[in-house]
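This report goes from the whole chain down to a single residue. Please keep the sequence and the structure in view while reading.

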Amino acid sequence: MRVPGTVFCCAALLIAVPLCDAVSARQTVVVGRTKWLHLSTTRGDLPAADVGRQVAALIHDIDKDGHNDFVIASYEKIVWYRYNTAKGDWTRYWIEKGMPTGSLEAGGDFYDIDGGGAPDLVMGSGYGGKGGIWRWRNPYPNVDPNTPWERHLVLQVGRQHHDQIFGDFEGTGRAQLAFFDNPGKRLYLAEIPPDPKTLWPYRGICSLFPTGGNPEGFAKADISGDGKLNIVGGGWWFEHVGGGAFTGHPVNGRRQFSRCAVARLIKGGRPQILLNSGDGVGPLEMYQWDGRAPEGSWIAKTLIERVDHGHTLQVADIDGDGNLDIYAAEMYKPGPGDRCRQWVLYGNGKGGFDARLLSTGIGSHESKLGDLDGDGRIDILQKDFQQDRRVDIWLNQGPAK
């Protein structure tokens, strides 16, 4: 029988030797190198999202107080958990109280679109959204828990837009918005116009393999070493080659339907690219550039052999040792149900990882890393998709001693 809010201990099939840490969900626990304090909506530690199927999660300092907040979104609604620095808890604010059924999809990004100094939210179209991408204007400093943000349709193209990311991908000094039309297997780039309330100009910049699956996942880094940010996603990385032209380089074109991250997990040289299984079953892999081949190639290293619906993949220095670590997790349903797992893979900066099982039985979909309580340590924001529609926070309490 499944007991909501319980952290289970079980063996996991890992490339590194797994450790079975005995933990209790209601106290500070030790997993690998880190102590964690587990909070959950199932116990009333923070307010429930109450938005329906939770498709998206984002971490950002929304109210400019120097501390991160977070957002949980469904296909139709969006709530903002505003951090109270004095009390150390969260108050729920509305961003969107209700769009037509199936309007929104996983993904989204924050950016100060109108130059007002406060980050606005952008999210894209779900299965019923008809190809729209919307902007919600941050009303800071005039925020109210019961007043939704002002919403604008900024563009409409294709059908479904799972994932968006802002960045200066052309070296112009201005940010662009990159997004996929997932069923169309095409990458687009949009410009922010002088009046961001008007429709944004956009163009398709690359088509992906028709047989590689619907592309998902976004990250950004300077892969080519030319000083410009490159787009990483869908098993590819995309390079601006001049004017409005981009070239797509496959990392693994058979894994377009995946989650991705990019970082220097091995110090020196090009960043490495991570791919997780996304909405399916497959390995968690790290890809390292090998320039010795005639045209260069990406060499895969398997970190976890089998991840069942691994729709979570993040990178940060979790234990504070100066080396980047990996956070990966599985969904509950679809997924392995009560056997769904989340891991922290502690890196050594040389491509080796000590993989530790953080929990079993709590579903993760689009879970994120970030400092949630302002203590300078990297915490975990974990959210379920369908089963319990729960939100869990794992506050990093520092090194295990």
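The sections below describe a predicted model, starting with its overall form.

## Overall form

The protein has zero helices and 29 strands. Along its principal axes, the C-alpha trace spans about 60 × 55 × 35 Å. A compact globule of 401 residues would have a radius of gyration near 21 Å, and the protein agrees with this at 20 Å.

## Surface and contacts

Of the 401 residues, 58% count as buried. The protein exposes about 15500 Å², and carbon and sulfur atoms supply 47% of that area. Among contacts with a separation of 6 or more, 51% come from residues 24 or more positions apart.

## A hairpin

Strand 17 (residues 236-242) and strand 18 (residues 245-250) run antiparallel and are joined by six bridges. Gly 242 stands opposite Ala 245 in strand 18. The hairpin has two residues between the strands, and Gly 243 takes a positive phi near 60 degrees there.

## Glu 150

Glu 150 lies in strand 10, which covers residues 150-156.

The side chain of Glu 150 makes a polar contact with the side chain of His 152, at 2.5 Å. Leaving aside neighbours within four places in sequence, Glu 150 is in contact with Arg 135, Trp 136, Arg 137 and Lys 197. Ile 393 is 243 residues from Glu 150 along the chain, and 28 Å separates their C-alpha atoms.

Conventions: Residues are numbered from 1 along each chain as its sequence is written. This is a predicted model: local features need pLDDT of at least 70, side-chain atom pairs count only at pLDDT 80 or more; totals for chains, interfaces and linings use all residues. Side-chain values use heavy atoms; hydrogens and water are left out. Two strands pair if DSSP finds at least two bridges between them. Helices (H or I, at least four residues) and strands (E, at least two) are DSSP runs, numbered from the N terminus. Contact means heavy atoms within 4.5 Å. A polar contact is a pair of N or O atoms within 3.5 Å; within protein, one must be able to donate a hydrogen and the other to accept it, and residues adjacent in sequence count only if both atoms are side-chain atoms. The radius of gyration is taken over C-alpha atoms; the globule rule is 2.2 Å times the number of residues to the power 0.38. Buried means under 20% relative accessible area, exposed over 50%, partly exposed in between (1.4 Å probe, protein chains only). Accessible areas come from the Shrake-Rupley method with a 1.4 Å probe; for residues, only the protein chains shown count as cover.
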